[in-house]
Amino acid sequence: MSALRGFWSSCARWAREFSRITPYRAAWLLFAAFFLAVPFVPLLKARLFFFMLMLEWIAMAESFNIISGFTGYVCFGFPAFYGIGAILMAWAVGELGLHPAVGFLMAVGGAILMALVMGGPSLRLRGAYFAICSLAMCLAMSVIMAWLRPFGIFIPPNPEIFRLIEKICYYVVALTAFGTVLGTYIISKSKLGLALVAIREDEDAAEARGVNTTFYKLVAAIISGIPPAIIGAAIAWYSTYVDCVAVFELHRVVATIAMAMLGGSGTVLGPLIGAIILYAIEDFLWANFPYLYLPIFGAIIVVTVLFVPQGIVGMVREKVPKARKYLF
């Protein structure tokens, strides 16, 4: 509990700290302003969905980094959070006729419940046992939804307000991505982050020093599960259809792991950088080499993992010590 109290005190401290603008922070504000201006700039608006998906992968990579990069637990069941958010939004709006805001709240609640159900038993396991258990739970969700909703869930489209919905979904994804990056930074500087890193470095030693490792891992699972659920809900509302099997596909977690590793797992900026680079490459390959897209993309991932095992951020920090102040 002391780590959680430290987390909230860190939030207040960093809120005061961020109120002081420096050139480095101004550059990050310009970075955020660029994405926020996309719907209003005609040249950028033409690629609105491209930027939306880029922000989606930033949020996915950063949130995965909380459970994997900080604690060292590789959660192959990570797509379950995205899937449950998309399904609950489609169910709430498309079948129950509820307001989309209720759909987002249901998505967040579903993610928390999923983290408790998935993390309760599985986070007591370690290493490959945890990875296999989380994978089995995700596959079980896919099979259950294929039985319950084999044809997916439709959300009746509303052409009159489609452009408004498009902008709302874009900004929901954008703010979720920015909030996830900022939250990861705050966690990395808080006692909660210190407890999670202690679990990653030596869980037995952390338990010996009085750290409730199961509790902190569960907290990390809950925090990391909320952004994907919100993203899934926003994409479901935007696309007006949810394939209840496809939303649990494992390619999401594979791509997310690759992005986090490329940028630098366990850092704040690493997953963001990896998500931008890998998604830009993926989009280019898909548009120009649709039949060779997967082999080329896979080869790029293998090469980066072999030759840059510590990630881009780790490599730059090792080669340029002065960059450690900015690459956190």
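# Questions on a predicted model

Me: Which residues does Arg252 touch, leaving out those up to four places away in sequence?
Reply: The model is predicted. Contact here means heavy atoms within 4.5 Å. Setting aside residues up to four places away in sequence, Arg252 touches Glu56, Trp57, Pro79, Tyr82, Ala246 and Val247.

Me: Is Arg252 buried or exposed?
Reply: Arg252 sits in helix H12, residues 251–263. Buried means under 20% relative accessible area. Arg252 has 12%, so it is buried.

Me: How many helices and strands does the protein chain have?
Reply: The chain has both kinds of element. The count is 15 helices and two strands.

Me: Why does the protein chain count as compact as a globular protein of its length?
Reply: The globule rule gives 20 Å for 328 residues. The chain's own radius of gyration is close to that, so it is as compact as a globular protein of that length. That radius of gyration is 20 Å.

Me: What box do the C-alpha atoms fill?
Reply: The box is taken along the principal axes. Its dimensions are roughly 55 × 45 × 45 Å.

Me: What percentage of the residues in the protein chain is buried?
Reply: The chain has 328 residues. The buried ones make up 47%.

Me: Among contacts between residues at least 6 apart in sequence, what share joins residues at least 24 apart?
Reply: Take the contacts in the protein chain between residues at least 6 apart. The share that joins residues at least 24 apart is 78%.

Me: What part of the accessible surface belongs to carbon and sulfur atoms?
Reply: The accessible surface of the protein chain is about 15,900 Å². The part that belongs to carbon and sulfur atoms is 72%.

Me: How far apart are the mean positions of the positive and negative charges?
Reply: The chain carries 23 positive and 16 negative charges.

Me: Where on helix H9 do its buried residues lie?
Reply: H9 covers residues 191–201, and its buried residues are Leu192, Gly193, Ala195, Leu196 and Ile199. Seen down the axis of H9, these fall within an arc of 160°, so they line one face of the helix.

Me: Which residues are exposed on the other side of H9?
Reply: An α-helix has 3.6 residues a turn, so residues three or four places apart point the same way. Exposed means over 50% relative accessible area. On the other side of H9, the exposed residues are Lys191, Leu194 and Glu201.

Me: Which residues does Phe31 touch, not counting those up to four places away in sequence?
Reply: Phe31 belongs to helix H2, residues 23–37. At 24% relative accessibility, this residue is partly exposed. Beyond four places in sequence, Phe31 touches Leu272 and Ile276.

Me: What is the phi of Thr240?
Reply: Thr240 lies in the loop between helix H11 (213–239) and strand S2 (241–242). At 23% relative accessibility, Thr240 is partly exposed. Thr240 is not a glycine, yet its phi is positive, at about 65°.

Me: Which residues does Val268 contact, leaving aside neighbours within four places in sequence?
Reply: Val268 is in the loop between H12 and helix H13 (269–288). Val268 is buried, at 3% relative accessibility. Leaving aside neighbours within four places, its contacts are Glu62, Val181, Thr184, Tyr185, Ser188 and Phe328.

Me: How far apart in space are Val268 and Leu53, C-alpha to C-alpha?
Reply: Along the sequence, Val268 and Leu53 are 215 residues apart. In space, their C-alpha separation is 20 Å.

Me: What separates the C-alpha atoms of Asp202 and Leu98?
Reply: Asp202 lies in the loop between H9 and helix H10 (203–208). Asp202 is partly exposed, with 41% relative accessible area. Asp202 and Leu98 are 104 residues apart along the chain, and their C-alpha atoms are separated by 47 Å.

Conventions. Residues are numbered from 1 along each chain as its sequence is written. This is a predicted model: local features need pLDDT of at least 70, side-chain atom pairs count only at pLDDT 80 or more; totals for chains, interfaces and linings use all residues. Side-chain values use heavy atoms; hydrogens and water are left out. Helices (H or I, at least four residues) and strands (E, at least two) are DSSP runs, numbered from the N terminus. The radius of gyration is taken over C-alpha atoms; the globule rule is 2.2 Å times the number of residues to the power 0.38. Buried means under 20% relative accessible area, exposed over 50%, partly exposed in between (1.4 Å probe, protein chains only). Accessible areas come from the Shrake-Rupley method with a 1.4 Å probe; for residues, only the protein chains shown count as cover. Lys and Arg count as positive and Asp and Glu as negative; His and the chain ends are not counted. The place of a charge is taken as NZ of Lys, CZ of Arg, CG of Asp or CD of Glu. The arc is that of the directions from the helix axis to the C-beta atoms.
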